[in-house]
Amino acid sequence: MAIQSELQQRFEGMVRQLSDLAHLRRLGDLFDATVLIDVEGSELYLTFERGCIVRITPGPSAKIPWHFALRASADALQQFWRTTPRPGYHDIFGLVKLGVGRIEGDILLLVKNLRFFKEFMALGRAQHD
């Protein structure tokens, strides 16, 4: 449960940062999706509308439909969110390549909004170290 609480706090901080970044909100202007973040079984559902997170829902839940999921170990996300991540931990696809992360679901939706989602996920680095 501690992982879920930490994740919730980190994503709430990222939401606040996102609201101050006009360029990033513009990138996500067409992004309407629910993304599942799964860290060692602790799940959060991030609901985006026009590039803004309108809801963060703790899981697990079989009732919340999601478009794509990022699944990773707690250590992998901690490494990803370091101010200067090690090679391979700098990118969500790097996590997959190293075998410490997995991406599932509507990959086309992710790819269409890749820059937005990658930059959004990187906002967590400002809260680390």
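Me: Before we start, what counts as buried here?
Reply: Buried means under 20% relative accessible area. Keep in mind that this is a predicted model.

Me: Got it. Which residues of α1 are buried, then?
Reply: In α1 the buried ones are Q4, L7, Q8, R10, F11, G13, M14 and L18.

Me: How far apart are the end C-alpha atoms of helix α1?
Reply: They are 26 Å apart. That agrees with what you'd expect, because 18 residues (2–19) at 1.5 Å a residue should span 26 Å.

Me: Let's switch to the core. How many residues are in the largest nonpolar one?
Reply: The largest nonpolar core has 34 residues, and F11, I37, F120 and M121 have the most contacts inside it. Helix α6 gives the most to this core, with 5 residues. As a general point, nonpolar side chains tend to be buried together in soluble globular proteins.

Me: What does M121 touch?
Reply: Leaving aside residues up to four places away in sequence, M121 touches F11, M14, I37, L70, L77, F80 and W81.

Me: Now the strands. Do β2 and β3 run parallel or antiparallel?
Reply: Antiparallel, with 6 bridges joining β2 to β3. Across from Y45 you'll find T57 in β3.

Me: Which residue in that hairpin takes a positive phi?
Reply: That's R50, with phi near 50 degrees; the hairpin has 2 residues between the strands.

Me: Nice. How many salt bridges are there?
Reply: The count comes to 6 salt bridges. One of them links E104 with R71, where the closest N and O atoms are 2.8 Å apart. E104 lies in strand β5 (101–105) and R71 in strand β4 (68–72), so the pair ties together parts 33 residues apart in sequence.

Me: Is R71 buried or exposed?
Reply: R71 counts as buried, because its relative accessibility is 15%. E104 is partly exposed, at 24%.

Me: What about the E119 and R115 pair, where do they lie?
Reply: Both lie in helix α6, 4 residues apart, about one turn of the helix. Salt bridges that share partners also join D38, R71, R102 and E104 into one network.

Terms used. Residues are numbered from 1 along each chain as its sequence is written. This is a predicted model: local features need pLDDT of at least 70, side-chain atom pairs count only at pLDDT 80 or more; totals for chains, interfaces and linings use all residues. Side-chain values use heavy atoms; hydrogens and water are left out. The expected span of a helix is 1.5 Å times one less than its number of residues. Buried means under 20% relative accessible area, exposed over 50%, partly exposed in between (1.4 Å probe, protein chains only). A nonpolar core is a set of buried Ala, Val, Leu, Ile, Met, Phe, Trp, Tyr and Cys residues joined through side-chain atoms within 4.5 Å. Contact means heavy atoms within 4.5 Å. Two strands pair if DSSP finds at least two bridges between them. A salt bridge is a side-chain nitrogen of Lys or Arg within 4 Å of a carboxyl oxygen of Asp or Glu.
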